[in-house]
Amino acid sequence: MRLRQLALSAVVAVAALTSALTTSLAMAQAPVQFFPSLTGRTGAVAPNAAPFANGYADYMKLVNARGGLNGVQTLVEECETAYATDRGVECYERLKARHGGATVFQPLSTGITFALMPRLAVDKIPMITSGYGRSDTADGAIFPWVFPLLGHYWIAGDVVLQHIANRSGGWDRLRGKTIAVVYHDSPFGREVLPIINRRAEMHGFTVLALPVPPPGVEQRAIWLQIRQQRPDFVIMQTWGVMTATAIRQAVATGFPRDRMFGTWWSGAEPDLRDIGADARGYSAVMMQHGQARDSEVVRQILAQVHDRGQGTGPRAEVGDVLYMRGVVGAMLAVEGVFRAQERFGRGRHVTGEQARWGYENLNITQARLDQLGFAGVLRGPIVTSCRNHVGTALMRIHTWNGTGFDWSSDWLQADMTVINRMITASAEAFARDNNITRRTEPGC
């Protein structure tokens, strides 16, 4: 009897071990959707880039807590670029084939974006460049693998100028005025200039272009020039420590902060928190969202990610501007995969090429945004096509009140009649220079 019990126990133990091994093997072989994350947690942009990476990772964890991509779990792996183009390319090459292949890249750098663009078609991997990169990549018939979803710099510049014109009493009131542009001396910084120069030709104002060498911690000469030439307004296309330095110099030289306007990388808490009340009145255009601490998606991230000890960064930053930028970036990445699964199979791993189809056929309605927790954060619909890789051109302006941001404009629609002519001309020139043939399939 004793031997029989021992034998039975041994059989049960072996069965349990076999079951555990089978389960572990099944989990290891279960499909995952890989979302590489090119981070900037070190260097001059770290205070701004780290919250983006944290928001991106946390939303992916929230997606898994909700059941994944119809059962497929998201997987995020980071690679540190320190905002350096060469390191960004190295990270891309290291990650592109891992975990079944990269779904989509979001480099968070115009320089890295430019360097990766020639590789995308070869590797069949799409790239989302929300709010950065080349503005003319909005033309998907020339740039089929790049998606500046929600906005690019020509939209940002147009909306900032529209807001300035509204405050001044109309576009005609800008005639004869001078607008200084303080910009990061790089492809990122220069990308906003074409729309500002075009608007200057249309409306008769003068542009004072003031490039700032990165990282931008020395700007005294720039702001001395501003004090001497006394422009009516300043637009800032800056990033990282450059933004805070510019605002401190404006305080020191007495330039009114309520006549300073940033693009979306120049209007977040790390730029202004230490300056506090002295920065009151400074404004920036936002890709729809700003701070969103009271939003449903933030409540869900706190409850299902941070409260379970799985938060990627500090709890205190959840809902801040750049954290939300990462959340929105992750949401766009995921919604493209959901869309692709509708065509290529629900609950299946999606290849980079299939994901590209998803991003080109988005139709994210307001009802869907509300369902995901973005009510009051984003305004739908976000609709893409072969020709339109942006999806929307609605923006808002927020203004620093001394401790945080308040909305200071209604929804503003960029003038796409002006912008689309610029995009077509620029994209066609790029195509000629690079022997690219415009896509002609239905929809293009």
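Let me start with P215, which sits in the loop between β6 (206-212) and α8 (220-229), where helices (H or I, at least four residues) and strands (E, at least two) are DSSP runs numbered from the N terminus. In this predicted model, a cis peptide bond joins P214 and P215, with omega at about 5°. There is another cis peptide bond between G380 and P381, with omega at about 0°, and P381 lies in the loop between α14 (366-371) and β11 (382-383).

Backbone geometry also brings up two asparagines. N70, in the loop between α2 (46-65) and β2 (73-80), has a positive phi of about 55° although it is not a glycine, and at 29% relative accessibility N70 counts as partly exposed. N435, in the segment after α15, likewise has a positive phi of about 55° without being a glycine, but at 72% relative accessibility N435 counts as exposed. The classes here are buried under 20% relative accessible area, exposed over 50%, and partly exposed in between, with a 1.4 Å probe and protein chains only. For background, most residues other than glycine have a negative phi, and most peptide bonds are trans.

A word on how to read all this. Residues are numbered from 1 along each chain as its sequence is written, and side-chain values use heavy atoms, with hydrogens and water left out. Because the model is predicted, local features need pLDDT of at least 70 and side-chain atom pairs count only at pLDDT 80 or more, while totals for chains, interfaces and linings use all residues.

The pLDDT, which is the predictor's confidence in each residue from 0 to 100, averages 93 for the protein, and 93% of the residues score at least 70. Over residues 1-28, however, the pLDDT is below 50, and beyond near neighbours in sequence this stretch has 0 contacts in the model, a contact meaning heavy atoms within 4.5 Å. Where pLDDT is low, the predicted coordinates should not be read in detail.

As for the whole protein, there are 15 helices and 14 strands. The radius of gyration, taken over C-alpha atoms, is 24 Å, close to the 22 Å that the globule rule gives for 444 residues, so the protein is as compact as a globular protein of that length; the rule itself is 2.2 Å times the number of residues to the power 0.38. Buried residues make up 55% of the 444, and along its principal axes the C-alpha trace spans about 100 × 50 × 40 Å.
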